[in-house]
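Colleague: I would like to learn how to read a protein model, one feature at a time. Could you walk me through this one?

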Amino acid sequence: MDKEKLNQIVEKYEELNFLIHKRVEYLIHQQISETLTYDQHYVLKYIHKRKMTTASELAELLNVNKSAITALINRLEEKELIVRKRLAEDRRIVHLSLSERGHALFDQCEQKINVLVTKLINKFNEDEIVQFVQTYEKLAIILDEAIKDKKGDHS
């Protein structure tokens with residue numbers, strides 16, 4: 001592919017990536033804004049999936065520093081959505097899990113988001129959906145590799 005065509009694709013990708021991310025975040029925020037921010041919901045989703053996690057895992061997941069994740073965790077704890085636990089095996093590590101209230105709120109938000117995403121997905125045919133998900137998964141893998149490479153450069 002020639003350089004000019006590649007530059008046009010890169011520019012279009014950057015524009016679309018920004019617009020799609022912001023619009024999806026906006027639409028999800030409209031569904032959950034009275035209770036959670038977009039990042040808070042994502043953290044609850046991750047904890048729900050894993051059952052238990054640590055602040056370090058969350059910081060790595062979100063690519064933020066420890067102080068940013070600590071502030072986010074503190075807000076979730078103040079809302080009584082997560083619980084901090086120290087396990088007997090290693091008291092230095094604080095494990096995070098969802099509280100009963102956190103589970104209930106997460107389930108409520110997930111239902112709202114599911115309705116929203118279902119409406120959006122239904123605008124596409126099945127082949128388009130499958131191709132999109134496969135391409136998006138491939139992009140996620142490529143981005144993870146790029147991040148690992150970048151972190152390896154600074155080690």
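Predicted model: local features only at pLDDT ≥ 70, side-chain atom pairs only at ≥ 80, totals over all residues.

Colleague: How many helices and strands are in the protein chain?

Modeller: Helices (H or I, at least four residues) and strands (E, at least two) are DSSP runs, numbered from the N terminus. Here the protein chain has six helices and three strands, and along the sequence they follow the pattern α-α-β-α-α-β-β-α-α. The C-alpha trace spans about 60 × 45 × 25 Å along its principal axes.

Colleague: What share of the protein chain counts as buried?

Modeller: Buried means under 20% relative accessible area, exposed over 50%, and partly exposed in between (1.4 Å probe, protein chains only). Of the 155 residues of the protein chain, 21% are buried.

Colleague: How should I read helix packing?

Modeller: Two packed helices are described by the angle between their axes and the distance between the axes. The axes are lines fitted to C-alpha atoms, for helices over the stretch in contact, and the angles run from 0 to 180 degrees between N-to-C directions. Angles under 35 degrees count as roughly parallel, over 145 as roughly antiparallel, 65 to 115 as roughly perpendicular and the rest as oblique.

Colleague: At what angle do helix 3 and helix 4 cross?

Modeller: The axes of helix 3 (residues 55-62) and helix 4 (residues 66-78) cross at roughly 110° and come within 9 Å, so helix 3 is roughly perpendicular to helix 4. On the helix 3 side, Ala 55, Ser 56, Leu 58, Ala 59 and Leu 62 meet Lys 66, Ile 69 and Ile 73 of helix 4. By class, the contact of helix 3 with helix 4 has six nonpolar residues, one polar and one charged. For these classes, Ala, Val, Leu, Ile, Met, Phe, Trp, Tyr, Cys and Pro count as nonpolar, Asp, Glu, Lys and Arg as charged, and the others, Gly among them, as polar.

Colleague: And which residues join helix 2 to helix 5?

Modeller: Helix 2 (residues 38-50) packs on helix 5 (residues 100-121) at an angle of about 110°, with the axes 10 Å apart, so this pair too is roughly perpendicular. His 41, Leu 44, Lys 45 and His 48 of helix 2 make the contact with His 103, Phe 106, Asp 107, Cys 109, Glu 110 and Ile 113 of helix 5. The contact of helix 2 with helix 5 divides into four nonpolar, three polar and three charged residues.

Colleague: Which residues of helix 2 meet helix 4?

Modeller: Helix 2 and helix 4 pack at about 80°, with their axes 11 Å apart. Asp 39, Gln 40, Val 43 and Leu 44 in helix 2 meet Leu 72, Arg 75 and Leu 76 in helix 4.

Colleague: Is Leu 76 buried or exposed?

Modeller: Leu 76 is buried, with a relative accessible area of 0%. Not counting residues up to four places away in sequence, Leu 76 touches Leu 36, Gln 40, Val 43, Leu 44, Leu 81 and Ile 82.

Colleague: What can backbone phi tell me?

Modeller: Most residues other than glycine have a negative phi, and most peptide bonds are trans. Lys 51, in the loop between helix 2 and strand 1 (53-54), has a positive phi near 75°. Lys 51 is exposed, at 60% relative accessibility. Glu 80, in the loop between helix 4 and strand 2 (82-87), also has a positive phi, near 60°.

Colleague: How do I read an aromatic pair?

Modeller: Rings of Phe, Tyr and Trp (its six-membered ring) pair if their centres lie within 6.5 Å; planes under 30 degrees apart count as stacked, over 60 as edge-to-face and the rest as tilted. The structure holds one aromatic pair. The rings of Phe 132 and Tyr 136 have centres 4.9 Å apart and planes at 25°, so the pair is stacked. Phe 132 and Tyr 136 both lie in helix 6 (residues 126-153), four residues apart, about one turn of the helix.

Technical notes: Residues numbered from 1 in each chain as written. Heavy atoms only, no water. Contact = heavy atoms within 4.5 Å.
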